[in-house]
Amino acid sequence: MISILLMSDIHFGSDKALPYIDDSVRFATFQKICMIARQHSIFIIAGDLFEGTIAQNPYYSSIKELLQSLVQEGVKIIYIPGEAELEDNNNIDVIHEIPSTVTLFGRSKNYFDLVLDNEIVYCYGGDSDIASITKASQEGFHIGIFHIDLEENNHNTVDSHVISVKLLKSMPLDFYALGHHHNFSMYKYKNKIIGAYPGSPEAVAPGETGDRYVLSITVMNNEIHQIKRITVNSLRIESLTIQCNSIKSNDELHHILKPYNKPSIVLHCTLEGVRSFDSNHIVALCDRCAGVIFQDNSKLSGEFICAKYKDEKTLKGYFFTELQKNFDNVAGDIMLDIINDIENTCSTYKGDL
């Protein structure tokens, strides 16, 4: 039996990093992944381990130490760079300094064979042309490792970065370990699993919500016996849309937010409709969250705006106090827009009246 751990797309050094999910969080997750890798024969990193200039990343040395420790303990590491590593020409030489059993990049030979417990695993990929690869032998288990875009359409056109699902099903290798897509996907053909994306193990963009995975793959008799998703992310993004019209009290808001108020969660909160509460109250109610990201599509209610300024001893305070007295006579969508415009203008105006 051969055990394989597959990961991709952790993106150390991403300048598009989300708030609250930075390289320190990614490193904590990578440490966890390396602990899991110790229980496997092979550890595959299918691209985008880094982004930007690799050697300048503050975690570069620590990541190398973790990988070197795995190699010394006998774990076979197969690494390929992705487009995020290859965008910076300064990375070309550094890529080969990342500890691995084999780095499938810049090799004259498009495969590497491993003998494990009298079983042979052939690993293909890297910058090789995926369409031209054929099995080096009829023995063993043959795995292609590519950082590539897999499309659902049935086009047969192939370039070095895109193939179709239809083409994948016609290709000769036993399994394709894939990187590039940030969400888990698995592909079958004739009741056999032929390929999989593990997705990003820590979110890189706001839409990468919930659990994030690496894949534990068991091979027996040269066939996939089992693929198991292992949740590894240190923080998880949860997406919540609040229809503000329906919120009548702070207790209702507290009830909605309570399930998300956890140290392991970054809450991506979208506000819709007409709002009669201060959005800062959401932050107060999510005091245990790792962070809150707002997307505010709401409009403040006229009542809330008027109440906000009613005690001010200013012309602005007088205006909104008088408006509130007559609010029942002026309410409506158009008037609400006007009141919001007036409030925004009052809030930003810095000159003399």
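The model is predicted, and local features were taken only at pLDDT of at least 70, side-chain atom pairs only at pLDDT 80 or more, whereas totals for chains, interfaces and linings use all residues. Residues are numbered from 1 along each chain as its sequence is written, and side-chain values use heavy atoms, with hydrogens and water left out.

The description begins with the nonpolar cores. A nonpolar core is here a set of buried Ala, Val, Leu, Ile, Met, Phe, Trp, Tyr and Cys residues joined through side-chain atoms within 4.5 Å; buried means under 20% relative accessible area, exposed over 50%, and partly exposed in between, with a 1.4 Å probe and protein chains only. In soluble globular proteins, nonpolar side chains tend to be buried together. The largest core in this model has 30 residues, and Phe30, Phe43, Leu49 and Leu67 have the most contacts inside it. At least two residues of this core come from each of β1 (2–7), α1 (23–37), β2 (42–46), α2 (60–72), β3 (76–80) and α4 (91–95). Helix α1 supplies the largest share, six residues. These element names follow DSSP runs, numbered from the N terminus: helices are H or I runs of at least four residues, and strands are E runs of at least two. Leu67 illustrates the packing: apart from residues up to four places away in sequence, Leu67 touches Phe30, Phe43, Ile45, Leu49, Ile77, Ile98 and Pro99, where contact means heavy atoms within 4.5 Å. A second, separate core holds 26 residues, including Ile44, Ala46, Ile80 and Ala196.

Two sheets are described next. Strands of a sheet pair through backbone hydrogen bonds, either parallel or antiparallel; two strands are taken as paired if DSSP finds at least two bridges between them.

Another open sheet has three strands in the order β15-β16-β18, with parallel pairing. The edge strands β15 (236–243) and β18 (291–296) each pair on one side only. Eight bridges join β15 to β16 (residues 265–272); Thr241 has Thr270 as its bridge partner in β16, and Ile242 has Leu271. From β15 the chain passes through helix α6 (residues 250–257) to β16, in a right-handed β-α-β crossover. Right-handed here means that, with the strands pointing away from the viewer, the path from the first strand over the helix to the second runs clockwise. Strand β16 is mostly covered, with seven of its eight residues buried. On its other pairing, β16 is joined to β18 by six bridges, and the two run parallel; Leu271 stands opposite Asp296 in β18.

Ser298 counts as buried because its relative accessibility is 15%. Its side chain makes a polar contact of 2.5 Å with that of Asp296 and one of 3.0 Å with that of Arg275. A polar contact is a pair of N or O atoms within 3.5 Å; within protein, one must be able to donate a hydrogen and the other to accept it, and residues adjacent in sequence count only if both atoms are side-chain atoms. Leaving aside neighbours within four places in sequence, Ser298 is in contact with Cys244, Leu271, Glu272, Gly273 and Arg275.

Two further loop residues concern backbone geometry. Lys190, in the loop between β11 and β12 (192–197), has a phi near 55°, a positive value in a residue other than glycine. Lys190 counts as exposed because its relative accessible area is 65%. Asn221 lies in the loop between β13 (213–220) and β14 (223–231); its phi is near 55°, a positive value in a residue other than glycine. Asn221 is exposed, with a relative accessible area of 67%.
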